[in-house]
Amino acid sequence: METAAYKKLSIADFRPEEHHLLGEGVWGQVYDLGDGTVLKLAKETSSGIGNGREKIEREYTALNSLAGASGIGSFLPRVVEWGDVPPNSDLARSGIALWLRSTKKEGDCLFVSEAKALPVEEQELIGHSIGKTLAHLHTAMASIPYGQGLNPGTLYSAIKEEVSGNPFYTKCIAILEEELALIPSDILNRAAHNDYNISNLLFSGHDVCAVLDFAEWGPCFPEKDVSDIVQECPFLTETLIEAYESVSAFKIDRRRLELGLAENALYGAVISERRGDAEEHRSERDKLCHHLKTLGYDISEPRLESTLNHHRL
Ligand SMILES: Nc1ncnc2c1ncn2[C@@H]1O[C@H](COP(=O)(O)OP(=O)(O)OP(=O)(O)O)[C@@H](O)[C@H]1O
Ligand SMILES: [Mg+2]
């Protein structure tokens, strides 16, 4: 159906309690409006890294630019409407500032625990489809003016400021920056989804049929998107890489893949510390040490007292 065919939403009158909640994250919620569309609501600031306004704007740009892209356009939601939440509405009073309404994609969620329990032959089919889809996505994304995407440097400087008093994080960031500086710029600046994890994919059987959540897209090395799946589903690694390489003709570099895993662990450690989740914080710091060690850097065991500078990014 053409997006113009949907009845306009009166966002000021939207009542969350009347709709099915599809997902909830640190930035807000996603509701099924029951008419073939979904509504994403976002706060301007949260405990996550970045800014809610920029996230919604980036998502709009990506979905709009990729609609109709060959090989991937039909996998993506179409934007129906989006904008600011009116300041005097109940939504605004609950902290929500932005909204984006898009078409609902059919398909099933796949949970990591389910994927892990499947027979190897089925895991291989899934890994293959995830890799092939990522290759098509990267090809299509190359046509978006990536100046409108998330600049990874912004994330680093925001995190750096927050952890400036902490020698462990400072050292880790310096290593990651050093490694990033070694990547040729034509690889470092390819357009990436930047949140290509299993919760942002929908499946029909063993095949990916939808890719969601473009709030973080921007220039990055291709292995970063591979690392998001590898981190949560290491058992999909080899089939995913094989399919990605055969469709894209781009060779995945294992060192850059490790770098992607280390970056993920760094963000995970900072965010879990902000949220006061001690167990996750410990686990993410351990992972960060492990990935840096694999890259050849021996980082001594971190102390665990809270060391963040407590201001919002
Ligand atoms: N267009 C869509 N069609 C079908 N399901 C959707 C759609 N958009 C979102 N969903 C469902 O809602 C969940 C949350 O949506 P999404 O991933 O976009 O937001 P989020 O992860 O909460 O947000 P963000 O990472 O931007 O803070 C998805 O994992 C998916 O299950
Ligand atoms: Mg998501």
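# Burial, a metal site and helix pairs

Visitor: Is N194 buried or exposed?
Guide: N194 has a relative accessible area of 17% in this predicted model. The limit for burial is under 20%, so N194 is buried.

Visitor: Where does N194 lie, and what is its phi near?
Guide: N194 lies in the loop between β6 and β7. Most residues other than glycine have a negative phi. N194 is not a glycine, yet its phi is positive, near 70°.

Visitor: Which residues coordinate the magnesium ion (ligand 2)?
Guide: Two donor atoms are found at 2.2 Å from the magnesium ion. Water is not among the atoms, so the site may look incomplete. The donors are OD1 and OD, which belong respectively to N200 and D213.

Visitor: How many residues apart in sequence are the parts that the pair N200 and D213 ties together?
Guide: N200 sits in the loop between β6 (190-192) and β7 (201-204). D213 sits in the loop between β8 (207-211) and β9 (218-220). The pair therefore ties together parts whose separation in sequence is 13 residues.

Visitor: Does N200 count as buried or exposed?
Guide: The relative accessibility of N200 is 7%. Because burial means under 20%, N200 counts as buried.

Visitor: What is the phi of D213?
Guide: D213, a ligand of the magnesium ion, lies in the loop between β8 and β9. D213 is not a glycine, but its phi is positive, at about 65°.

Visitor: What are α5 and α6 roughly to each other, parallel or antiparallel?
Guide: The axes of α5 (residues 152-162) and α6 (residues 167-181) come within 11 Å and cross at roughly 160°. The crossing of α5 past α6 is left-handed. Angles over 145 degrees count as roughly antiparallel, so α5 and α6 are roughly antiparallel.

Visitor: How many nonpolar, polar and charged residues has the contact of α5 with α6?
Guide: From α5, Y156, I159 and K160 take part, and they meet I173, L176, E177 and L180 of α6. By class, this contact has 5 nonpolar, no polar and 2 charged residues.

Visitor: What does E179 touch, not counting residues up to four places away in sequence?
Guide: E179 is part of helix α6 and is buried because its relative accessibility is 6%. E179 and R255 are 76 residues apart in sequence, with a C-alpha to C-alpha distance of 9.4 Å. With residues up to four places away left out, E179 touches R255, L259 and Y297.

Visitor: With which residues is T61 in contact, leaving aside its neighbours within four places in sequence?
Guide: T61 is found in helix α1 (residues 52-66). T61 counts as buried because its relative accessibility is 14%. Leaving aside neighbours within four places, the contacts of T61 are I144, Q148 and W217.

Methods:
Residues are numbered from 1 along each chain as its sequence is written. Chains are lettered from A and ligands numbered from 1 in the order in which they are written. This is a predicted model: local features need pLDDT of at least 70, side-chain atom pairs count only at pLDDT 80 or more; totals for chains, interfaces and linings use all residues. Side-chain values use heavy atoms; hydrogens and water are left out. Axes are lines fitted to C-alpha atoms, for helices over the stretch in contact, and angles run from 0 to 180 degrees between N-to-C directions. Helices (H or I, at least four residues) and strands (E, at least two) are DSSP runs, numbered from the N terminus. Angles under 35 degrees count as roughly parallel, over 145 as roughly antiparallel, 65 to 115 as roughly perpendicular and the rest as oblique. A crossing is left-handed if the near helix is turned anticlockwise from the far one by less than a right angle, and right-handed if clockwise. Contact means heavy atoms within 4.5 Å. Ala, Val, Leu, Ile, Met, Phe, Trp, Tyr, Cys and Pro count as nonpolar, Asp, Glu, Lys and Arg as charged, and the others, Gly among them, as polar. Donors are N, O and S atoms within 2.8 Å of the metal (3.2 Å for Na, K and Ca); water is not among the atoms, so sites may look incomplete. Buried means under 20% relative accessible area, exposed over 50%, partly exposed in between (1.4 Å probe, protein chains only).
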